Amino acid sequence: MEWLILVAAVMLGVSATAWFAQDRLIFFPQPLVSTSHLPARAEPLEIVAADGTRLRGWVVPGTSSPAPVVLYFGGNAEEVSWTLADGHWPRAWTIAALNYRGYGTSEGAPGERELTSDGIALFDAVAKRSDVDPKRVVVFGRSLGTAIATRVAAERPVAGAVLASPYDSLAAIGKKHYPWLPVSLLLRHRFDALADARRSHMPLLAIAAGDDAIIPPERSRALFDAWAGPKTWQLVPGADHNTLGAYDAFWDAIAGFLAQR
């Protein structure tokens, strides 16, 4: 009996620690160190959320007029200026992104409800711009951001979705990494993308890393299988979670998908 009480106490202690520490386990806010790497044509973007929080990022205008648009939602440890500065983006396309709450110079603290709401606010703000084509907006999510992009796709008339290292739910990912914890009971930020995927009828490009130890390909495949619209699966052998974007196959697939939109 004493051993049972000890084991129960330890489990309760671990579960309580996980409950209070989960924000630090899910979100890794990054500061804005510099903007010198951004293209000269990049323009600051600021959106005031419904609760008054100021969110800051950039728009890199495309050469087309009006230009098609990629709305980018990054990973959980990403300051988005570096992705916006990547030279692989098609120059005809406008690329827009905000740093999540608490990331870069955006105010506030990150959370599932806040980040998904902010994603829809980004769509609404960019789609109103006179220099973009609101009928050619593609959402692009990476890792954590794939659930946010999927929510925007389900709620707004987007022309397509690109999801890099997508997942079906954060609970499923948590169970993979913490099988001894009651993850489903403890998790506050669930990022359950399956329901939104079943409501999304626009074309999808899903890209998964063959050696991803953080988001296993089977979790990406579960989201892909739930998607209601036409879809393309791209597996990049040899890539892991953090090196996926370094492969030509990654950017070639994206360029081909955007060219069809």
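Colleague: What is Leu122 in contact with, leaving aside its neighbours within four places in sequence?
Modeller: Taking contact as heavy atoms within 4.5 Å, Leu122 touches Leu45, Ile47, Leu71, Phe73, Ala96, Ala97 and Leu98. This is a predicted model, where local features need pLDDT of at least 70, side-chain atom pairs count only at pLDDT 80 or more, and totals for chains, interfaces and linings use all residues. Residues are numbered from 1 along each chain as its sequence is written, and side-chain values use heavy atoms, with hydrogens and water left out.

Colleague: Which residues touch the most other members of the largest nonpolar core?
Modeller: Leu71, Phe73, Leu122, Val139, Tyr167, Phe191 and Trp227, out of 48 residues. A nonpolar core is a set of buried (under 20% relative accessible area, 1.4 Å probe, protein chains only) Ala, Val, Leu, Ile, Met, Phe, Trp, Tyr and Cys residues joined through side-chain atoms within 4.5 Å.

Colleague: Which helix gives the largest share of this core?
Modeller: Helix H3 (residues 112-127), with 6 residues. Helices here are DSSP runs (H or I, at least four residues), numbered from the N terminus. Another core of 28 residues lies apart, including Val70 and Leu205.

Colleague: How much of the protein is buried?
Modeller: Buried residues make up 50% of the 261 residues.

Colleague: New topic. How many helices and strands are there?
Modeller: The protein has 9 helices and 8 strands, a strand being a DSSP run of E with at least two residues.

Colleague: And what share of contacts between residues at least 6 apart in sequence joins residues at least 24 apart?
Modeller: That share is 73%.
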